[in-house]
Amino acid sequence: MKPGNRTFDVSEFLLLGLSEQQGQQPLLFGIFLGMYLVTVVGNVVIILAIGSDPHLHTPMYFFLATFSLTDLCLSSTTVPRMLVNIQAHRRTITYTGCLSQIYFFLWFIGLDVFLLAVMAYDRLLAICYPLHYTLVMNPKCCILLVVMSLILAHSYSLTHTLLLAQLSFCTDNIIPHFFCELLHLLKLSCSNTYANQCVLIYWGGALTILIPLLIIISYVRIVAAIVNVPSATGKWKAFSTCGSHLSAVCLFYVSAIGVYFIPSTADSASKDRIAAVMYAVVTPMLNPFIYSLRNKDMKNALGRLLSRRAMIFP
């Protein structure tokens, strides 16, 4: 639509949430409050266990602590706002608040993806090049990899947000979602979204095709190296250090594929909401359990952390 034909620019958006049935709101509030509390406690405990245990001051657990912090921030960009809206019986969000939510949501989503790639690279070096691992993966390199991930994720988020800020939104301000989701906002715009779509395709290809491809290549090499390990104990130990990370990768990408690769249907809004709940809420909640239950070192560290807390607060 040409600028001269616009009716007005909206100052706020209406979030329909997960359900429009008023009778279901208390149930949804209870479920998502519980999930968010589990997410917060689980990820904070992982961070505290790694930070307080000298045995876990290694590159693998440094990346895991950073990943847990990112998951905590990712969940915090959407769930608290949804809980407030349900409790206050208010579904509106300001234009500025919507852009801010998109910016931080995309930043943490992008950071999750890049950190998964960094963690795969770490495992590749540890298993395929053990003699050079400590030399290559030194503290300076670890910090550099995290900073690079932050910068790339920030570029991804900022590019989308700046392009989105150039668009006009006219009479239709209804978002059939529980947070400001980029694809739905592009559908609502009455401006030309060609540049946004191009950036979405290029960045989306990098995050959903290129990064997973690099992770797959890393694991092909890792499996090939593990197969050549002579002892069964050595093979099991190598697989155990990779199993948790591989589970997190599969959980994240299987849920994300539900948004970007499953063909749209007449009721695509429901499908999008379910998929978004999986990768934005459920995945950050489950990752602490994936890494703690499948990792002997993490279980021991958690046990020591809880024992110290029990001594302090008998």
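Cys98 and Cys180 are both buried, where buried means under 20% relative accessible area, exposed over 50%, and partly exposed in between, with a 1.4 Å probe and protein chains only. The model is predicted: local features need pLDDT of at least 70 and side-chain atom pairs count only at pLDDT 80 or more, whereas totals for chains, interfaces and linings use all residues. Residues are numbered from 1 along each chain as its sequence is written, and side-chain values use heavy atoms, with hydrogens and water left out.

The two cysteines form a disulfide, with their sulfur atoms 2.0 Å apart; the criterion is a pair of cysteine sulfur atoms within 2.5 Å. A search of the whole structure finds 1 disulfide. The link of Cys98 and Cys180 is left-handed, with -125° about the S-S bond. Cys98 belongs to helix α4 (residues 95-128) and Cys180 to the loop between β3 (174-175) and α7 (182-188), so the pair ties together parts that are 82 residues apart in sequence. Helices (H or I, at least four residues) and strands (E, at least two) are DSSP runs, numbered from the N terminus.

Other cysteines may be considered next. The closest cysteine sulfur to that of Cys141 is in Cys142, at 5.9 Å, which is too far for a bond. Cys141 is buried, with a relative accessible area of 18%. Cys73, with a relative accessible area of 25%, is partly exposed.

A cavity is defined on a 1 Å grid over the protein atoms alone, as a set of points where a 1.4 Å probe fits but cannot get out; lining residues have an atom within 4 Å of a point. Grid points are joined across faces, edges and corners, and a volume is the space filled by probe spheres set on the points. The count comes to 1 cavity of 30 Å³ or more, and the largest cavity holds about 100 Å³ of space. Its lining includes Met60, Tyr61, Met119, Arg123, His245 and Asn295. At least two lining residues come from each of α2 (59-76), α4 and α9 (232-260), and α2 gives the most, with 4 residues. The lining divides into 6 nonpolar, 3 polar and 2 charged residues, where Ala, Val, Leu, Ile, Met, Phe, Trp, Tyr, Cys and Pro count as nonpolar, Asp, Glu, Lys and Arg as charged, and the others, Gly among them, as polar.

A backbone feature remains. His89 sits in the loop between α3 (79-88) and β2 (92-94). Phi of His89 is near 55°, a positive value in a residue other than glycine. His89 is exposed, with a relative accessible area of 67%.

Conventions
On a 1 Å grid over the protein atoms alone, a cavity is a set of points where a 1.4 Å probe fits but cannot get out, and a pocket is an open set with protein on both sides within 12 Å along at least five of seven lines; lining residues have an atom within 4 Å of a point.
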